Amino acid sequence: MKRIFLTAASLLTVAFLAGCAHPINMRPDVSLIQAGGAQKINKVAGYHISDANLALEVTTPGGGGDKVRYFPYRDVEAGFYKALSETFTKVSKIANPKDTAALNAAGINLLITPEITTTSYSPSPFTWPPTQFTVTLDCQVVDASGKELTRVKVTGTGKAEFDEFKANFSLSAVRASEDALKQLMAKLRETAVLAR
Amino acid sequence: MFMLVSGLYRMMGVSSVLGLILLTGCSTPAPNYSPSISNVEAVKVVAPAKLNVGRFDAPASMKEGAQSISLRGSQMISPVGKDYGDYLTTALRQELDLAGVFSTQSQIEVSGALVVNTINAAGISTNDGQIEAQFIVKRNGRVVYDQRKKADMKWDSSFAGAVAIPLAMNNYPVLVQKLIGQLFADPEFVRAVKTI
């Protein structure tokens with residue numbers, strides 16, 4: 001009887017502890033998002049992230065059968081703004097991409113709408129923080145008339161081992177965001193149609 | 001089958017318990033500050049003059065929150081500088097920098113001191129945080145603005161420390177964003193920093 005009780009209590013405790021998704025964040029250090037003084041594209045860039053996306057929380061795998069949860073758009077937005085600011089001469093956040101009067105009033109030449117997808121993984125059976133993380137930024141770029149000019153897609157990766165992430169459980173996610181944003185700056189510059 | 005399920009539960013349990021151990025009884029840095037784009041867009045409009053950021057003190061007279069914030073026995077420390085005064089200094093600098101209105105050469109300097117800096121992570125269903133700071137604007141060394149601003153927020157939490165502690169940590173930068181938002185929204189601050 002005692003054994004059955006102990007087993008049941010252990011299973012309940014484990015189920016309680018293991019059933020949760022651990023909150024992490026993927027906020028980059030914006031001071032690291034720098035183009036190194038490269039000449040900016042002389043365009044006014046607007047970007048749009050919907051309120052629904054800013055409030056979107058996603059859940060992906062961690063280690064040991066646990067999961068992690070985070071807000072991709074909310075966490076990446078400041079780094080995204082910095083990446084665009086390092087690439088174009090002026091950047092504005094656009095609340096309504098269909099409001100052409102507001103776009104014209106702000107002098108927007110390019111409107112960028114990012115789609116963010118992520119993956120996470122840890123081979124560890126004993127610790128939940130992800131050791132590997134990817135962030136994909138798939139950006140649709142349209143001109144002031146709404147005509148699609150191009151799509152720019154980059155995937156950043158971040159890795160963190162136990163010795164590093166024991167002081168920061170979000171480390172692989174933060175590194176993946178920073179990597180993706182640095183790649184985005186480079187790829188936007190390489191995209192000739194954006195400079196025309 | 002029972003053995004397999006039992007083994008899986010054991011593994012998940014070890015992972016979660018290790019996570020709890022990782023989270024409690026040690027010092028963990030707060031997440032990187034990430035500027036609020038609402039704040040950045042707001043200050044771009046209200047502060048056409050460049051601003052410098054001086055030091056924000058975190059006086060020892062504060063009951064808590066100067067050097068560290070206690071989250072269920074885990075100590076959250078500032079990831080920058082020596083205390084949370086440095087965290088606020090860095091946060092304000094990042095907001096102004098991203099808005100393009102930060103300059104170390106400016107004769108208009110914002111400085112001040114933390115007054116309150118607490119997070120209650122002990123609740124089993126909700127938790128909350130409060131922050132208050134004194135903001136001083138000096139123009140050529142003369143004080144032109146001296147006011148306290150405060151912000152608070154509440155969030156859904158969990159009984160499990162492995163969820164409640166990271167949630168509290170992830171909400172700290174958002175609390176600081178709200179505090180800075182209060183400053184930028186103050187018409188007297190706007191008047192104090194506007195170009196004459």
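Colleague: Which residue in β4(A) is the bridge partner of A:Val58?
Modeller: A:Tyr70 is the bridge partner of A:Val58. Keep in mind that this is a predicted model.

Colleague: How many bridges join β3 and β4 of chain A?
Modeller: There are 4 bridges between β3 (residues 58–61) and β4 (residues 67–70) of chain A. These strands run antiparallel.

Colleague: And which residue takes a positive phi in that hairpin?
Modeller: A:Gly64 does, with phi near 60 degrees. The hairpin has 5 residues between the strands.

Colleague: Helices now. At what angle do α3(A) and α6(A) pack?
Modeller: About 25 degrees, with their axes 10 Å apart. Angles under 35 degrees count as roughly parallel, so α3(A) and α6(A) are roughly parallel to each other. Their crossing is right-handed.

Colleague: Which residues make the contact?
Modeller: From α3(A), they include A:Val76, A:Phe80 and A:Leu84. From α6(A), A:Leu181 and A:Met185 are among them. By class, the contact has 8 nonpolar, 3 polar and 2 charged residues.

Colleague: Over to chain B. What order do the strands of the open sheet have?
Modeller: The order is β1-β4-β3, with mixed pairing. β1 (27–29) and β3 (68–71) of chain B are the edge strands, so named as each pairs on one side only. The twist averages 35 degrees from one strand to the next.

Colleague: Which helix packs on that sheet?
Modeller: Helix α4 (residues 161–184) of chain B. This helix touches β1, β3 and β4 of chain B. Its direction makes about 145 degrees with that of β3(B).

Key:
Residues are numbered from 1 along each chain as its sequence is written. Chains are lettered from A and ligands numbered from 1 in the order in which they are written. This is a predicted model: local features need pLDDT of at least 70, side-chain atom pairs count only at pLDDT 80 or more; totals for chains, interfaces and linings use all residues. Side-chain values use heavy atoms; hydrogens and water are left out. Two strands pair if DSSP finds at least two bridges between them. Helices (H or I, at least four residues) and strands (E, at least two) are DSSP runs, numbered from the N terminus. Axes are lines fitted to C-alpha atoms, for helices over the stretch in contact, and angles run from 0 to 180 degrees between N-to-C directions. Contact means heavy atoms within 4.5 Å. Angles under 35 degrees count as roughly parallel, over 145 as roughly antiparallel, 65 to 115 as roughly perpendicular and the rest as oblique. A crossing is left-handed if the near helix is turned anticlockwise from the far one by less than a right angle, and right-handed if clockwise. Ala, Val, Leu, Ile, Met, Phe, Trp, Tyr, Cys and Pro count as nonpolar, Asp, Glu, Lys and Arg as charged, and the others, Gly among them, as polar.
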